[in-house]
Amino acid sequence: MIQDTHVSVVIPAYNAEDHIADAIRSVYEQSYRPLEVIVVNDASVDHTVEVLDAICEHYDADPDPLFSVRVISLEKNVGPCKALYLGFNQARGNYVCFLAADDMYIARGKIVYQAYLMESTGSDWSYYTTSLKGRTLKTATIKKPAFSWIPGMDSLAKRNPYWMFVCLLSRNPINSGTLMLSRACAKEIQWNPFLRADCDGDLLLRLCMAGKKGLAIETQAPQYFYRVHPGQVSNQKELMKTSSSMARIAAMKTVLKGNYPLWMKLLVDRKYRKSVAEK
């Protein structure tokens, strides 16, 4: 029964004093229960600790016994990838989600619908295809990127993890803040704690290599708000480029040496040679 299924939401937070309360409140306002939030405070040097203390005190006093907030405080900054690795390993839920500290869920039924579809289809992981992106909710625009401009390739990538892998080598249209993984899948395919950025791109590549069953959830209304601001990691272009290149080259090496279809190896080999030449 979906009502008996526990869901965890992991939020890595570094200097997140301005937005962390909005992120947690957006989880609290979800219609789904039982629900836990795990915030990994990545050695923040602003007032994130004080904000989290006040948030925990507020929700501890809340009469809702099926909602909880836990904070894991790190003494040394380790970056979002290791913070996610640690948080997912502490999650108690049958399904585990990732939410960035500066983003929000904007549809109350985001989790309940996603968990229902995961359970009814037996999917290992899932994501929503539509989200909002902008500086504020009022000025945000709807985004629904595709894997490829080639006719039919987008739907093929969504159905076949090996085709999705090949497409992800060129571009990643998945908003990782909409991800939900089954507990078993999250334990087997974990976040890479050694990367400093693009950990979502790396995770998606490894989910595809493992042949995990993904589910692209199509909705007309956006379920997630991706906030654009100067302090986000994605603005660190060189760090993103280096981490992305490392993750993709490592994934391509695995495919070329592994037991994968010949067509996939041929396509990956072409990408691999080009990536090595550009490095």
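Author: Helices (H or I, at least four residues) and strands (E, at least two) are DSSP runs, numbered from the N terminus. This is a predicted model, in which local features need pLDDT of at least 70, side-chain atom pairs count only at pLDDT 80 or more, and totals for chains, interfaces and linings use all residues. Residues are numbered from 1 along each chain as its sequence is written, and side-chain values use heavy atoms, with hydrogens and water left out.

Now to the cavities. A search of the whole structure turns up two of 30 Å³ or more. A cavity here is a set of points on a 1 Å grid, over the protein atoms alone, where a 1.4 Å probe fits but cannot get out; lining residues have an atom within 4 Å of a point. Points are joined across faces, edges and corners, and the volume is the space filled by probe spheres set on them.

Start with the largest cavity. It holds about 60 Å³ of space. Two helices, α3 (80-90) and α7 (183-188), each give at least two residues to its lining. Tyr 85, Phe 88 and Asn 89 are among the lining residues. Ala 91 and Val 96 line this cavity too. Arg 183, Ala 186, Lys 187 and Gln 190 complete the list. How do these residues divide by type? Five are nonpolar, two polar and two charged. In this count, Ala, Val, Leu, Ile, Met, Phe, Trp, Tyr, Cys and Pro are nonpolar, Asp, Glu, Lys and Arg are charged, and the others, Gly among them, are polar. Arg 183 and Lys 187 are therefore the charged pair in this lining. Asn 89 and Gln 190 are the polar ones.

Now the second largest cavity. About 40 Å³ of space lies inside. Here a strand and a helix take part: β6 (125-128) and α5 (153-159) each supply at least two lining residues. Tyr 127, Tyr 128 and Thr 129 belong to the lining. So do Pro 145, Phe 147 and Pro 173. Asp 154 and Lys 158 line the cavity as well. Thr 129 is the polar residue. Asp 154 and Lys 158 are the charged ones.

Asp 198 sits in the loop between α7 and α8 (199-209). Its phi is near 55°, a positive value in a residue other than glycine.

Key. 1 Å grid on protein atoms, 1.4 Å probe; cavity = no way out; pocket = protein on both sides within 12 Å on 5 of 7 lines; lining within 4 Å.
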